[in-house]
Structure formats: structure tokens, C-alpha cells
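Please keep the structure in view while reading.

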Amino acid sequence: MRLSNESVAHPAAGSGWHLTVAMARTADSSERQMLGWNVPAEHMEIVHPHWRQFEAVSIYWHLGLAMVYIFLMFSSLIGNGLVAYAFFTCKSLRTPSNILIVNQVGMDLMMFVNIPWFVVNSVSGYFVGWETGCDIYGFFGSVGGMGSSMNNAIIAFDRYRTIAFPIDGRMSGKQTTALALFAWLWAMPFSIIPWVRVLGSKYVTEGFLTSCSFDFLTEGDETRFFMATIFTWAYFIPVSLITVFYSKLYGKVREHSAMLAAQAKKMNMKSLQSNADAEKESAEIKIAKIAFTIFFMFIVGWTPYAVVALTGAFGDRSLLTPVVTMIPAITCKAVSCIDPWIYALNHPRFRAEIERIVPCLKGNPKKPRVDSTSDGKSVATEATGDNS
């Protein structure tokens, strides 16, 4: 069965029509269409010519990715939902440091918004919403990604101050709230610029043409300048800050441990720390390790996208096949779904509260919440080290 481009120039029968035609195309391997075959001429602006040189992918690729994204969608919804619910319903969890954790949940949920949309696009075989939809999709993904990068840097700063300067280094609730808002503001400029088509930038479809991101393929100095700037803003600066803070934190912890060991040796004591102090410091270090794990996941999730974008702007574009460019889309979404489970499974107080909310996660009867002023303060201090 031959399916000409003219026969699909004006799709009007909805996503079911596209799915039927795409499956028919898959059945006739001798008459393959090229990517963008089902995009009307008036919407071809969102499809870069680079993608039109590749054969349209099989409907089974689309459906396979849709199944992966459905799994990620439920993982993100349940994980982020539990962490947010625990924070807002448990008084002892509402500490300054944990404001940054729930802020990360907000960033992850920005990424979550695009997941069901991607599933619909995959089943439809084209990007639902065309130019307007592409702008909205790209905006949510951009805010979630860039906001997450800066929020991770702020978390690293908070861990450094809390552990390195335990007496006067802790931030207040107002300070962490201000920094949490700053993370959102940090993400806005380079999320809005492509939407309003400034500096030659715009949101366009990528890979299988079922997701949207920055245009990193258009030739010209404007595109290269924009990609270099956004790479510096959204990736290099936050990663550099995180590296500095964790390096300084590691140095402070080693210096402090060496000083205590030397003093204890002079006094013929095993340790100068009381059990309570040791447990408190251990909890702080554990939370710092959780924060570092989140940072590591950010690197794993967003480095592939940075490599693809820079290759498109400055490198050999022939390396960017549809399959290759879909890898960053998956890794970014996967990280936003994994983040809350790292908090839930490793953060002492979040884990305890989530086990109370969902007893089957531990297998024990539901525990009564400890939220009195004295006991709640004690538990929060022991688990998170937050005295404010």
C-alpha cells in the first residue's frame, strides 16, 4: 500500500487515524516514509530539515517508548507525591533544609507534566499541539531542568554551611525559601527566550518528533551563541558551584575529624564526641551523601543532553540520529522520577514518615505520628540536624 505525502498533508481525523496509517506503513516495509511525513505543511516549522533525511521510525518504537514513559509517569507521581505529602503533613519535617527538598519535588513535577503528553504524542505519531504545544512542552522541560540544576547547587551550599559551621551556619526558613524562589527565577530567562523567539532561538521537535526542546541544529552564529550561553548558564555554572561546595565540605569534614582525633589522642581518650553528637553528625553526613547522590543523578541525566546539544551546534551533526537524540529525553525524565525515591528510601525522617503513611512499605503497623513541640523537635534535630 502506497502512502504519499499528499495524502496526509491535512490530517483531520485525529490521533487514531495517524496510528492506523503508521501501522499500515510499518506493514509495508518497501514503501517507508521519511520523518515528518505526517506533519502538515503549515506546521513544518517545528521539524528541522535534519530530521527529514531519516526514515520514519516504526510504530513499535513509539509504542515501546510510550510504555517506558507510562512507567516513569507512575513512578514520578507516586514518589514525588509521597515526599510532598510527608513534608506538608508532618510538622517535624518542615525544616529549612527540607524546604529545598520539596522545592526539588516541584522541579521534578515540571518534568512530570510532559510525560503524559509524550505518551499521547507517541500513540498519535506526531506532536499534539503543533507550535503552541511545542512551546509549552519545551518551556516546562526547560524550567524543570535548569531549575533543578540551580536547586542542586543551593542544596550543596546548605549542606556545606550546616556541616562545616554547625553553630552559626544554618540558614533560616526565610533564607532557604528565598533561595528556593531564586532557583525558579534562575530557570526563567532561558526558558522564556525560545518561546518568544529571541536571539534566533526557538523550541522545535527532536528525535522521533514526539518531544520538543531547544533548536540546536539551525545553522548560524545566533544558534551557536545561544547554545554556548545556555550551556554555561544551565550546566557549567551550577555544576561548578556544586563541585566547589562539596569539595569544601569534604575538606572541612576531614579537617574536623583529624582535629578531634588529635585532641582525643593527647587526652588518652577514644573520642571527644558524645554519642548524641556523633549520631547527629552521622545523620548530617548521611543527608549530605543523599544530596550528592541527587547531584550525581543530575549529571547522569543531563550530560547526555548537553553533549547532544553541543554536537548539534558545534560538532558533527551526522552523529545525531533520531534514536541517539531520544536518549537524553529518557534520561532527563528518568532522573526526575528517581529523585524522590532517593529521598524516600535514604532520608531518615522522610523514610520514617512515608513508612507511617504507607505501612506496607515496611510491613509494620501504622505508627502514631510524633509531632509535639518537644518530641518533634528532638526527632527532627536528630535526623536532619536542623535546629531552626
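Where is the place of L209? In this predicted model, L209 sits in the loop between β1 (203-206) and β2 (211-214).

## Positive phi values

The backbone at L209 has a positive phi of about 65°, although L209 is not a glycine. Most residues other than glycine have a negative phi.

W130 belongs to helix α4 (residues 130-164), and with a relative accessible area of 15% W130 is buried.

Helix α3 (residues 96-124) packs with helix α5 (residues 173-187) at an angle of about 20°, the two axes lying 8 Å apart. Because angles under 35 degrees count as roughly parallel, α3 is described as roughly parallel to α5. The crossing of these two helices, α3 and α5, is right-handed. On the α3 side the contact is made by P96, I99, L100, N103, G106, M107 and M110, which meet G173, T176, T177, A180, A183 and W184 of α5. By class, the residues of this contact of α3 with α5 comprise 8 nonpolar and 5 polar, with no charged residue. As a general point, an α-helix has 3.6 residues a turn, so residues three or four places apart point the same way.

## Helix α4 and its packing against α5

Helix α5 also packs with α4, here at an angle of about 145° and with the axes 8 Å apart. The crossing in which α4 passes α5 is right-handed. From α4, the residues V143, M146, G147, M150, N151, I154 and F157 meet L179, F182, A183, W184, W186 and A187 of α5. The contact of α4 with α5 holds 11 nonpolar and 2 polar residues, and no charged ones.

## Contacts across the sequence

W61 lies in helix α2 (residues 59-89) and counts as partly exposed, at 46% relative accessibility. When neighbours within four places in sequence are left aside, W61 is in contact with F208 and V323. For the pair W61 and F208, the separation is 147 residues along the sequence and 9.0 Å in space, taken from C-alpha to C-alpha.

A306, found in helix α8 (residues 275-314), is buried, with a relative accessible area of 10%. Apart from neighbours within four places in sequence, A306 is in contact with F231 and Y235. Although A306 and F231 are 75 residues apart along the chain, their C-alpha atoms are separated by 7.0 Å.

Technical notes: Residues numbered from 1 in each chain as written. Predicted model: local features only at pLDDT ≥ 70, side-chain atom pairs only at ≥ 80, totals over all residues. Heavy atoms only, no water. Axes fitted to C-alpha atoms, helices over the stretch in contact; angles between N-to-C directions. Helix = DSSP H or I, 4+ residues; strand = E, 2+ residues; numbered from the N terminus. Parallel < 35°, antiparallel > 145°, perpendicular 65-115°, else oblique. Left-handed = near helix turned anticlockwise from the far one by under 90°. Contact = heavy atoms within 4.5 Å. Nonpolar A, V, L, I, M, F, W, Y, C, P; charged D, E, K, R; others polar. Buried < 20%, exposed > 50% of the residue type's maximum accessible area, 1.4 Å probe, protein only.
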